[in-house]
Amino acid sequence: MKKRFGYGISDSEIEQLKALLQHKVLFILAGPNGVGKGTILNLLLSDESLTVERVRLYTTKSVGMDKTHDQDYFYVSQETYEEMRNNRQFLQWQQFPYGCYAISIRVLFETLKRCSCAVIDTGVGASLDLKMFFQQHAIPYLDAFITPVALDTLVSPEGVDAALVILRNRMSRRKRGEADDDLKDRLDTAQRWLGQVSQLPFRSFVPNVEGHLDEAYHQISAMIRSRLDSSR
C-alpha cells in the first residue's frame, strides 16, 4: 500500500482558522524519528510562561506499538477513521501500511481556542504537504525542522552517517518496544530526509545536539514568543 495524503477542510473552515490565528500561533514541528521532537514539545508544554498545547492526532495504529505515547493520539478503528474521513472531518489525513493518521478540524479549533500556540508534531512528509497547503491558502504558521547534529555538520560528507548513529542510539535508549524491522524502516526514512536537508523548505533548522537540549528548546520558544509579541 502506498502512502496517501488528503485534505477535507472547507473554505469556510479555512476562514475560521485564519480568524483564530490572528493572535495565536500554529507551529509545525518536524524532524526524523528519534531526533527529540517529543522532548522539546514536553518542555514547551511545561513552560508556564507560554500556553502551548499539542494537536492530538487520530490514528488507527495499535496502542501496543507505542505504549509510552498513548496521550498523543485518539485511537480509533479503521471503520471509524474512514467514516470521519468521508465526512470531511479531517484537515489532513495520511495512510500508511502500518496505520492511518489524521488531524481533526474540530480538535485543531478546540486546541487553538484553549492556548496561544498549537503544535502539530507529525512526519516530515506530512509536514511538507501541510506547509504547502497552508501556503496555498495563506494560513499563517511557523515551522522548524529538528536535526540531531548542527546543520553544517549534517551537510558535510560524513554528516548523515554521524546523524544516523545518534538517532539509532536515541531510539534504542527510549525502549518503546519497536521491532528491528520497524527501527530499520525509521532509520531508512531518516536517512532519506537528512540526505536532502539542504533542499527541504523549512524556515528554521534547529539542532538538538547531545547535551544541548535546552538550546534547542529555547530557540523554539523564542520563535513562538516573537510571533505572539508581533500579533498583539
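View 1. Strand 8 (residues 117-121) is mostly covered, with four of its five residues buried. Buried here means under 20% relative accessible area, exposed means over 50%, and partly exposed lies in between (1.4 Å probe, protein chains only). This is a predicted model, in which local features need pLDDT of at least 70 and side-chain atom pairs count only at pLDDT 80 or more, while totals for chains, interfaces and linings use all residues. Residues are numbered from 1 along each chain as its sequence is written, and side-chain values use heavy atoms, with hydrogens and water left out. Strands (E, at least two residues) and helices (H or I, at least four) are DSSP runs, numbered from the N terminus. Strand 8 pairs with strand 2 in the parallel sense over five bridges, and Ile-120 in strand 8 is the bridge partner of Ile-28. Strand 3 (residues 52-54) also runs parallel to strand 8, joined by three bridges; there, Val-52 stands opposite Cys-117. Two strands pair if DSSP finds at least two bridges between them.

View 2. Strand 2 (residues 25-30) runs parallel to strand 9, and four bridges join the two. Strand 10 (residues 205-207) is parallel to strand 9 as well, with three bridges. Keep an eye on Phe-145: Ala-30 stands opposite this residue, and in strand 10 its bridge partner is Phe-205.

**View 3. Pro-148 and its surroundings.** Pro-148 counts as buried because its relative accessibility is 0%. Leaving aside neighbours within four places in sequence, Pro-148 is in contact with Val-35, Ala-163, Ile-166, Leu-167, Arg-170, Leu-194, Asn-208 and Val-209. Contact means heavy atoms within 4.5 Å. Trp-193 is 45 residues away along the chain from Pro-148, and their C-alpha atoms are separated by 12 Å.

**View 4. Two loop residues with positive phi.** Which phi value does Arg-88 have, although it is not a glycine? Its phi is positive, at about 55°. Arg-88 sits in the loop between helix 3 (78-86) and strand 6 (90-96), and it counts as partly exposed because its relative accessibility is 47%. Ala-138, also a residue other than glycine, has a positive phi near 55°. You can find Ala-138 in the loop between helix 5 (124-136) and strand 9. With 57% relative accessibility, Ala-138 counts as exposed.

**View 5. Stepping back to the whole protein.** The protein has nine helices and 10 strands. Its C-alpha trace spans about 50 × 45 × 30 Å along the principal axes. A compact globule of 232 residues would have a radius of gyration near 17 Å, and the protein agrees with its 17 Å; the radius is taken over C-alpha atoms, and the globule rule is 2.2 Å times the number of residues to the power 0.38. Of the 232 residues, 49% count as buried. Among contacts with a separation of 6 or more, 73% come from residues 24 or more positions apart.
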